[in-house]
Amino acid sequence: MLFFSGAGKPRGVTGTVGTATDLPLVYSPGTRSAGRAITRRHRGHNGKGKAMKLKTNGVELNYEIEGSGPWLTMSHSLACDLHMWDPQMAGLTGGFRVLRFDTRGHGASSAPKGDYTLEDLADDVKGLLDGLGIRQTHWAGLSMGGMIGQAFALRYPGVFQSMVLADTTSRLPPDAGKMWVDRVRIAREQGMGGLVDATLARWFTGPYRDSRKDVMERIANGIRATPVEGFAGCCHAISKVDYLDRLKEIKVPALVIVGEHDLGTPPEAARAIQQNLPGSELAVIASAAHLSNVEQAEAFNKVLTGFLDRVTARR
């Protein structure tokens, strides 16, 4: 089930679309319908994605390029990697040249010690885009990836042609700092394995966890594989997010997506973004928690591709 508000809705979804304060439209998911690059290795911009490396802003970033069409850059959640977006790729690569990358401290990218900032992570993206000669791109970011997208759009206006901000926030509650300190402490004392059970409980609903043990194993392995230093550095960055009052400065079409059962970045946070980001749309995906792109991939993909189809048709 999807709930929509804002400027539009995906093709194939019927009903009325209201303002952020109206009752939402309902849709069932089961219905068919900064630095210059120093090193760069890739096989070309068309065809199947292949792991590549580019060094910029003092880190080496791992990335993949697949598909053809306008550029679409995709940024993953904390304790994931670029493969978090695997459920979306089949529906995107026919119409977009998709750039996925491992954020600093994750996957096969460098994981330097020390605190990171969201501005650091945005500068990493700018260096990656510059190194690949990408002047403009659409953006899709989930959780931490959505925060990086906000930081980038404010720091480098004119690069993003549109933004999708999924299961993310622009401001944390005042008491959230201790939570991030505690998570880093657990990671340092017990390793990333000590965070797996609690993280899966936040990221997915109980019925999905029970029915998809295969997905839980894959996601859990990704959490365990995240370098502790990279996790700690990104936790520091996330704990400082505070862009809500500046969202009005962003002047690109935007879609905000959130799972209705997302406890970490709840629908209230998504509504706050949508209400402060001019002209943006909001879609709430039912029966999904934090990784809504995984738990309800069909519904997520429908709203994502519908939005991208519309914004690219305007150009």
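Is E281 buried or exposed? I found E281 buried, at a relative accessible area of 2% (buried means under 20%, exposed over 50%, partly exposed in between, with a 1.4 Å probe and protein chains only).

Some housekeeping: this is a predicted model, where local features need pLDDT of at least 70, side-chain atom pairs count only at pLDDT 80 or more, and totals for chains, interfaces and linings use all residues. Residues are numbered from 1 along each chain as its sequence is written, and side-chain values use heavy atoms, leaving out hydrogens and water.

Next I checked what E281 touches. Its side chain makes a polar contact with the side chain of R310 at 3.0 Å (a pair of N or O atoms within 3.5 Å, one able to donate a hydrogen and the other to accept it; residues adjacent in sequence count only if both atoms are side-chain atoms).

E281 sits in strand β10. I noted that 5 of the 5 residues of β10 (residues 281-285) are buried, so the strand is largely enclosed by the rest of the structure. E281, A283 and I285 cover one side, L282 and V284 the other. Helices here are DSSP runs of H or I with at least four residues, strands runs of E with at least two, numbered from the N terminus.

Then the neighbour: β9 (residues 254-259) pairs with β10 in the parallel sense over 5 bridges (pairing takes at least two DSSP bridges). V258 stands opposite V284.

Last, I looked at helices α4 (residues 177-190) and α8 (residues 228-239): they pack at about 175°, axes 10 Å apart (axes are lines fitted to C-alpha atoms over the stretch in contact, and angles run from 0 to 180 degrees between N-to-C directions).
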